[in-house]
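Please look over the sequence and the fold shown below before reading on. The report that follows takes up a few topics in turn.

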Amino acid sequence: MAISGLGSHSISLFFCLVLATFLHKGAAQTISVQGQNLVTNNVSVVEGETAIISCRVKNNDDSVIQLLNPNRQTIYFRDVRPLKDSRFQLVNFSDNELLVSLSNVSLSDEGRYVCQLYTDPPQEAYADITVLVPPGNPILESREEIVSEGNETEITCTAMGSKPASTIKWMKGDQPLQGEATVEELYDRMFTVTSRLRLTVSKEDDGVAVICIIDHPAVKDFQAQKYLEVQYKPEVKIIVEFPEGLTREGENLELTCKAKGKPQPHQINWLKVDDDFPSHAVITGSDLFIENLNKSYNGTYRCVASNLVGEAYDDYILYVYDSRPDGTPQKIDHAVIGGVVAVVVFAMLCLLIVLGRYFARHKGTYFTHEAKGADDAADADTAIINAEGGHNNSDDKKEYYI
């Protein structure tokens with residue numbers, strides 16, 4: 001058993017413990033070790049942090065547990081640390097467990113650690129410590145800072161000095177992209193990874209973020225991003241300011257040219273396609289004004305805008321209609337019509353009210369003739385005869401109705 005790195009006092013104590021253990025084992029040789037189970041776990045730890053090594057025994061019969069480093073040096077024998085490395089500290093010791101911490105882990109600590117149980121025969125379990133080294137901050141570089149639409153650009157992302165090698169992913173906005181990665185091995189199984197992304201840009205990419213995402217077990221959400229700056233030629237649109245409807249002879253025409261690009265258009269020109277421009281047309285900046293239209297002005301009018309990237313245009317086709325003939329009804333003013341209708345309805349209501357009050361105050365008459373003497377008749381026949389004869393001498397009786 002290797003004992004390098006031990007002090008003289010520690011050596012003496014260590015051998016005493018070993019001797020006592022073997023004497024104890026000699027006195028208990030008949031004790032069965034069947035059913036004892038020594039277990040441990042592999043550990044992954046980030047460089048500079050703390051690793052926990054656990055040796056656990058199920059159904060221990062007082063057998064001694066010790067922990068050895070990859071060089072087979074004893075770190076802990078029961079609860080005693082023969083090794084001088086103070087980074088190892090006892091976390092817990094019992095008959096069933098030896099729990100040891102290793103602080104400030106470095107790459108040199110990586111390897112296979114041995115949990116050993118003094119049984120007959122001895123048992124061993126192995127805990128592999130893997131040291132993770134996170135990459136440095138990602139370095140994002142582009143071949144050019146400003147790109148014109150339709151051109152290809154290249155962006156590189158580098159993750160330096162990691163263990164294991166990092167994986168690099170790309171996103172443009174919320175769209176995943178595929179880069180081309182190269183891996184360079186350095187020393188002590190350290191790696192530098194560089195990924196190159198090539199893409200053709202459009203004007204819609206202006207201001208969109210390209211994100212380099214580093215995937216590594218030692219870090220989370222490790223990324224860098226760059227916003228694309230894309231130049232594009234102007235977008236041109238002609239707006240008709242006047243008239244709202246058809247263009248007729250004798251009327252005026254006013255057009256405005258709207259142009260937007262990156263960089264902003266430095267020049268806007270008006271021209272008439274395949275013909276001369278009207279002599280009295282007035283151009284003020286991006287506006288075109290033609291008064292007193294006639295059919296000789298028919299044709300295609302074009303606004304051309306340009307910047308450093310290129311030029312673009314929009315066309316307006318002018319067709320002059322006949323002037324409005326005399327007596328042609330003008331636009332109907334619905335508000336006026338509504339007002340007239342309201343006045344008429346109000347007048348009719350007033351008339352009805354006046355007529356109603358007039359008839360209520362003037363009553364008509366009608367005449368009725370009642371048979372006289374019918375009540376004194378002896379029988380019905382006599383009453384009828386008396387009634388018929390009574391019409392001539394009957395008095396008028398007025399009745400009124402309302």
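## Disulfides

A disulfide is here a pair of cysteine sulfur atoms within 2.5 Å. This is a predicted model, in which local features need pLDDT of at least 70 and side-chain atom pairs count only at pLDDT 80 or more, while totals for chains, interfaces and linings use all residues. Residues are numbered from 1 along each chain as its sequence is written, and side-chain values use heavy atoms, with hydrogens and water left out.

A search of the whole structure finds three disulfides, and with bonded cysteines counted along the chain they follow the pattern 1-2, 3-4, 5-6. C257 and C303 form one of them, with their sulfur atoms 1.8 Å apart. Because the torsion about the S-S bond of C257 and C303 is about -80°, this disulfide is left-handed. Another joins C157 to C212, with an S to S distance of 1.8 Å; C157 lies in strand 12 and C212 in strand 17 (residues 209-216), so the pair ties together parts that are 55 residues apart in sequence. Strands are DSSP runs (E, at least two residues), numbered from the N terminus.

C55 and C115 are also joined, S to S 1.9 Å, and the torsion about their S-S bond is about -75°, so this disulfide is left-handed. C115 is buried, with a relative accessible area of 0%, where buried means under 20% relative accessible area, exposed over 50% and partly exposed in between (1.4 Å probe, protein chains only). C350, at 32% relative accessibility, counts as partly exposed.

Four strands form an open sheet in the order 10-12-16-15, with antiparallel pairing; two strands pair if DSSP finds at least two bridges between them. Strand 10 (139-142) and strand 15 (180-185) stand at the edges, each with a single partner strand, so one side of each is left without a neighbour in the sheet. Four bridges join strand 10 to strand 12, and L140 stands opposite C157 in strand 12.

## The surroundings of K163

K163 lies in the loop between strand 12 (152-162) and strand 13 (167-172), and at 7% relative accessibility K163 counts as buried. The side chain of K163 makes a polar contact with the side chain of E110 at 2.6 Å, a polar contact being a pair of N or O atoms within 3.5 Å, of which, within protein, one must be able to donate a hydrogen and the other to accept it, and residues adjacent in sequence count only if both atoms are side-chain atoms. The K163 side chain also reaches the backbone oxygen of V131 at 2.9 Å.
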